[in-house]
Structure formats: C-alpha cells, structure tokens
Amino acid sequence: MSAPFVAIVMGSDSDLPVMEASFEVLKKFGIPFEVRITSAHRTPAAAKAFVEDADKRGCAAFIAAAGMAAHLAGAVSATTVKPVIGVPMNASLDGLDALLSTVQMPAGIPVATVAIGKAGAKNAAYLAAQIIAVSDPALAEALREERADNARAIEDKNAALQA
Ligand code: RP5
C-alpha cells in the first residue's frame with residue numbers, strides 16, 4: 001500500500017504563490033503531496049476526475065484553494081468522503097466572498113475552512129498533517145516537537161525582553 005498523501009487543488013495559477021505556504025509545511029514533515037490547478041467553474045470535469053482518481057489512490061486529505069465565488073472545496077467535498085480543507089483566496093473583496101463561499105456548506109457535505117490567504121494555506125497543511133497523524137505516531141510526535149520548539153522560541157524572546 002502506498003504512503004498516505006495530500007492532494008492540493010487550486011482554482012488558478014494566480015493562487016500558487018499563496019499556496020506554496022502549504023507545500024513548505026508538508027515538505028517540512030516529509031508528507032507526500034500532489035498539486036493540480038483545476039477549477040470548479042473552468043475545468044469541472046477535470047477537477048472531478050482528479051479527485052476521484054486521487055481518492056482511489058489513497059489520498060488521505062484534500063486541500064482546495066479558490067478565490068471569488070469559491071466553489072472548488074465544496075465541489076471536492078461533493079466528490080469524496082475524505083476530509084476536505086478549504087482555503088479562501090483573497091482575489092477580490094479582501095477574500096470575504098471566498099471565505100463565505102467556502103465555509104457555508106450544506107449539512108452532510110463538510111469543508112473544514114481555514115483562514116483567508118497565507119495563514120490559511122499554512123494551517124490547511126497542518127490540519128492535513130494532523131489528520132494523517134491520527135494513525136502515524138511518529139508524525140504526531142514531530143508535530144508536538146514543533147509546537148514545543150515554538151513555545152521555547154517565545155520563552156527566549158521573553159527572556160531577551162527582561163535582559
Ligand atoms: C478563482 O478565481 C481562482 O481560485 C482565483 O483565486 C480567482 C481568480 O482567478 P484568475 O482570474 O486569476 O485565474 O477561481
């Protein structure tokens with residue numbers, strides 16, 4: 001059986017610079033991932049085919065990023081029962097249009113929606129990592145260690161402030 005992987009889809013290559021923040025987090029934890037530019041509106045058949053194929057090949061979680069009338073994450077969730085994490089992109093209206101389009105899903109077809117933009121892109125990857133870590137104790141430990149490192153870094157900053 002192949003290692004669990006994360007599939008990242010985004011509506012446009014204009015989303016790519018923001019979504020690179022997801023790639024960095026997944027790389028840091030050694031989590032395999034695949035990336036596709038595919039759109040709920042511009043390439044609906046290709047989006048559905050990619051999700052169905054990734055699902056069959058053992059994708060553990062999907063990350064879907066889109067801006068404006070952001071229906072991609074919802075369309076992915078309609079196609080799979082794997083966890084779907086939606087990242088609203090700031091392509092217009094400060095990303096509020098995308099946030100509401102991504103988060104307001106009808107009952108039974110969930111999208112775990114994170115923050116608009118880069119913070120959301122990072123947390124989408126952390127959330128996907130935590131989903132995989134449910135059955136991967138080494139990954140869970142790596143996530144705990146990173147949090148401990150971050151807490152120590154804050155303690156060091158406070159110590160420097162007192163000096
Ligand atoms: C959405 O429309 C994309 O996800 C992107 O955030 C936004 C604008 O796309 P482009 O016109 O830059 O291709 O579908």
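This is a predicted model: local features need pLDDT of at least 70, side-chain atom pairs count only at pLDDT 80 or more; totals for chains, interfaces and linings use all residues.
Colleague: Which residues surround the ligand?
Modeller: M10, G11, S12, S14, D15, S39, A66, G67, M68, M89 and A91. Residues are numbered from 1 along each chain as its sequence is written.

Colleague: How does the shell around the ligand divide?
Modeller: Five nonpolar, five polar, one charged. Ala, Val, Leu, Ile, Met, Phe, Trp, Tyr, Cys and Pro count as nonpolar, Asp, Glu, Lys and Arg as charged, and the others, Gly among them, as polar.

Colleague: Switching topic. Which residues of α3 are buried?
Modeller: L72, A73, G74, A75, V76 and S77. Buried means 20 or more other C-beta atoms within 10 Å of the residue's own, with C-beta atoms placed from the backbone. Helices (H or I, at least four residues) and strands (E, at least two) are DSSP runs, numbered from the N terminus.

Colleague: Why is α3 largely enclosed?
Modeller: Because six of its eight residues are buried.

Colleague: What covers the buried residues of α3?
Modeller: The cover includes β1, α2, β3, β4 and α4. Contact here is C-beta atoms, placed from the backbone, within 7 Å.

Colleague: And α1, which residues are buried there?
Modeller: V18, M19, S22, V25 and L26. Their cover includes β1, β2 (33–37), β3, β4 and α5.

Colleague: What follows α1?
Modeller: G30, with a positive phi near 65°.

Colleague: Last one. What does I85 touch?
Modeller: A61, F62, I63, A112, V114, A124, L127 and A128, leaving out residues up to four places away in sequence.

Methods. A residue is near a molecule or strand if its C-beta atom, placed from the backbone, lies within 6 Å of it. Two residues are in contact if their C-beta atoms, placed from the backbone, lie within 7 Å. A residue is buried if 20 or more other C-beta atoms lie within 10 Å of its own, exposed if 12 or fewer, and partly exposed in between; C-beta atoms are placed from the backbone.
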